[in-house]
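Here is a quick tour of one structure, taken a piece at a time. Have the sequence and the 3D view open as you read.

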Amino acid sequence: MSIGFWLLQSLNALALGGLLFLLSSGFSLIFGLMRVANLSHGAYFMLGAYVGLSVLQAGFGFIEAILAAGVVIAVLGGLIERFLLRRLANRTLAQVLVTLGLAFAIADICLMLWSGDPMQLPAPRWLSQPIRAFGFVFPGYRVFVVEVSIVVAILLWLLIERTKLGAMVRASVDDIQMARGVGIPAQKLFSFIFCLGAALAGMGGVLGGPILSVYPGLDGEMLPLALVVVILGGIGSIGGAFVGAYITGFVYTFGQTLLPAFSYVILFLPMIVVLAFRPSGLFGKSAP
Amino acid sequence: MTRKSRITLISLSLLILALAAPLLMGQPFYINIGSQVLIAAIFAMSLNILVGYGGMTSIGHAAYLGTSAYVVALLTLQHGFGFYTASLVALGVVVIMAAIFGAIALRGTGITFLMITLALGQTMWGVAFRWSEVTGGDNGLPDIKRPDLFGLNLVEPGLFYGVMIALFVIALVGMWIFTQSGLGLSLQGTRDQPRRMGMLGHHVWLVRWIAFIIAGFWAGVAGIAFIGYHGYIHPLSLGLANSAEVLLMVIAGGAGTLLGPVVGAAIVVVLKMVVSAYVSRWVLLLGCTFVAIVILLPEGVVPGLERLLKAILPAARDDEEASS
Amino acid sequence: MTTELALQITGMTKNFGGLKAIDGVNLTIPKGDRRLLLGPNGAGKTTLFNLITGDLKPTSGSVQLFGRDITGLPSHHCAPLGLARTYQIITLFPKNTLADNVILSLLGISPLRWSPISRIKGRKEFEERARAALKQVGLEAKADRPLGETSYGEKRRLEIALALAQNPSLLLLDEPLAGLSRQERLDVQSLIESIPRDITLILIEHDMDVALALADSITVMYHGRVICEGDRAQVVADPRVKEIYLAS
């Protein structure tokens, strides 16, 4: 296998890592803030891809498709948060199980509306020009995906670390009781973060569409990846999600190339190592 | 007779009636539904050890049923094993798998435990789906022959159902004994007050790990019955939807009660059968039922019925004394 | 060594991040002593209990129980070594009857806790000893009631029954009177007084009247350190103790 092959696979790994970051950063923030593992997150990703597909088929551009998916999934997430999860406040397990049930409902509705055939979202021509560098040719779209994920990571990091809103989020992740005590509007914060996380997953779905395609079962494949990323990186940490996403992207991509039958098993090796030595994740706060 | 023993008597009569019902109806169709309910019931009871008695919500339990079924299928189809020898190997494999997965999953508690079990369960799905040279991938493994037992041909639905009743009764009695045993009480204690249990001398982690293995073992038993009944195994049987389905049985019936998972299994299997006869939207219904049960009936059917019975039955004198 | 020691803590330190919750504590409890741990909230008393029982691991220092090093051992090692404790916040089993609560305690020191088949309920050794422990705290009549039907004061006594049922050699009581009414306090006080003298007691308590009446000796903690130790008269006379209690 040539150097070109390894470079190309590395780019694929980076692109998958970027998609996983979009998926799991929202998951991680929601979990960190509300203690709810949102098991519909994979379904949001898939539904986002389908919404994007329909927008593209209606003749709109790629950017419009991403934005539309983001808005639709954010609204859906907001409704779920407002009318289901909030009713179950302080019953974490019930909340998690509701999101699991919703994941199935969403997946089956997708199957009903968009049929069972795998469909690839076309990458826009202005993004899919091959890029020449170091004497090799790289698919331009994957480079674009990596760039987007890095930009989003920086924006999220600025939001969490440099704004008043982010300060409130950080305080609530650390100690929700204390945060409520000092007058942080926890409920509004939950809603906002839930919508934001949902929107990121939905937009990630569209962005991933030209690479992964969209098909029934995509949700069930993406959800465990998101879980692995979050367990690896540590709950509630943007940096952890970023590092975890890229590690997972590499392990999964190379696992799939070299040992396709066991790519899922290989995927779990880093998670097991981290759980054995640092159960709270690479960037998670370890319990005192 | 105390009210409690009368409730037990009523439950037992209802159970016997329910077990006899498919035979009374006579047609193979109903008898086969009976067999499916019992297989699901054994499966759900095994998960109930974790979810109900141990307070550990696993969303990856189908992996044990599926792995056990795959091992039986592979050994009988490709390596010339007899069904029963293959079953013994399958149970060994599932126990080892539960020991390893349990050790990993129990690094986390609560929602983290749930996430790890989900991820590990999907691993097994991934292996079954992708390792197609061995597992047949998306085609699954068909044509596993139903074995004979003591010279009886179990292809006959009534006989197979009889074997399932025997297996189910063994599982149920075993479960009842377990819940009253030292280990069973210890497990229930670690569910309610893990820290106190540690201080009282109970090794919380080890108790949970053993419970995880026992649950895996019984899921393996259910897997053997499953492959015996269907003669076919597909990656979907180890997938997330199947794990969620069995969890729904436990929760809908009543987690932490002896008969809850049995009632839950009957409800889910019959519901699935009826719905599938009219529309192909079982997954949608599964999802919606899940949401509805969690919000509207979080305790499950059996605890609700128990309360109803208590309200109807007049309390006997010794109960009155105790509650005055 | 003239007197045998029940507990010896040497150079115990526990850091939570930057905060020194326990800072170089030495504590020596002779067998049969009834020691009162005194100090304002945040002094580190409960943390010290958690370090003794292995709920927390010390940053440095060691714990010896009856001459045996138990530093950092997980808490399930305590019961077989004769160490029992109660909790400041009620830590009982809400789905069980009072008798079954005690049975879980008895089970903790019985090899039957590993048996997946032997039925525990109805076994004489468990039932009788559970009832005896309940009788000791005056709850015998309510043995078969679910925990939910008992009052807060009764739960406090059941806390002690769970610990006493194991017939420990060293008993740690964490605020056994917290939240009780005057009458209930007197009940629990006489209950603690009735504990056999061969059980060594360490008691955290804020009710000075009761605490001083019960204790043989007193250790005062402040900001994670031991600042004074002695009998009642010595401690009351100590100027640092006055300062702390007048200030707070």
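## A residue in strand β7(C)

Let's start with C:D174, which sits in strand β7 (residues 170-174) of chain C. Strands here are DSSP runs of E with at least two residues, helices are runs of H or I with at least four residues, and both are numbered from the N terminus. This is a predicted model, where local features need pLDDT of at least 70 and side-chain atom pairs count only at pLDDT 80 or more, while totals for chains, interfaces and linings use all residues. Residues are numbered from 1 along each chain as its sequence is written, chains are lettered from A and ligands numbered from 1 in the order in which they are written, and side-chain values use heavy atoms, with hydrogens and water left out.

Is C:D174 buried or exposed? With a relative accessible area of 1%, C:D174 is buried (under 20% relative accessible area, using a 1.4 Å probe and protein chains only). Its side chain makes a polar contact of 3.0 Å with that of C:T46 (a pair of N or O atoms within 3.5 Å, where one must be able to donate a hydrogen and the other to accept it). Leaving aside neighbours within four places in sequence, C:D174 is in contact with residues including C:F49, C:R85, C:Y87 and C:I204 (contact means heavy atoms within 4.5 Å).

## The sheet of chain C

Chain C also has an open sheet of four strands, in the order β2-β1-β4-β5, with antiparallel pairing (two strands pair if DSSP finds at least two bridges between them). β2 (19-30) and β5 (68-69) of chain C are at the edges with a single partner strand each, so one side of each has no neighbour in the sheet.

Strand β4 (residues 60-65) of chain C pairs with β5(C) over two bridges, and C:Q64 stands opposite C:D69 there. Helix α1 (residues 45-53) of chain C lies across β1 (5-16), β2 and β4 of chain C.

A:L97, A:F104 and A:D108 supply 17% of the area that chain A buries against chain B, more than any other three residues. The contact takes 47 residues from chain A and 36 residues from chain B.

How many salt bridges are there between chain A and chain B? The count is two (a side-chain nitrogen of Lys or Arg within 4 Å of a carboxyl oxygen of Asp or Glu).

Conventions:
Axes fitted to C-alpha atoms, helices over the stretch in contact; angles between N-to-C directions. Buried < 20%, exposed > 50% of the residue type's maximum accessible area, 1.4 Å probe, protein only. Buried area = accessible area lost by both parts, 1.4 Å probe.
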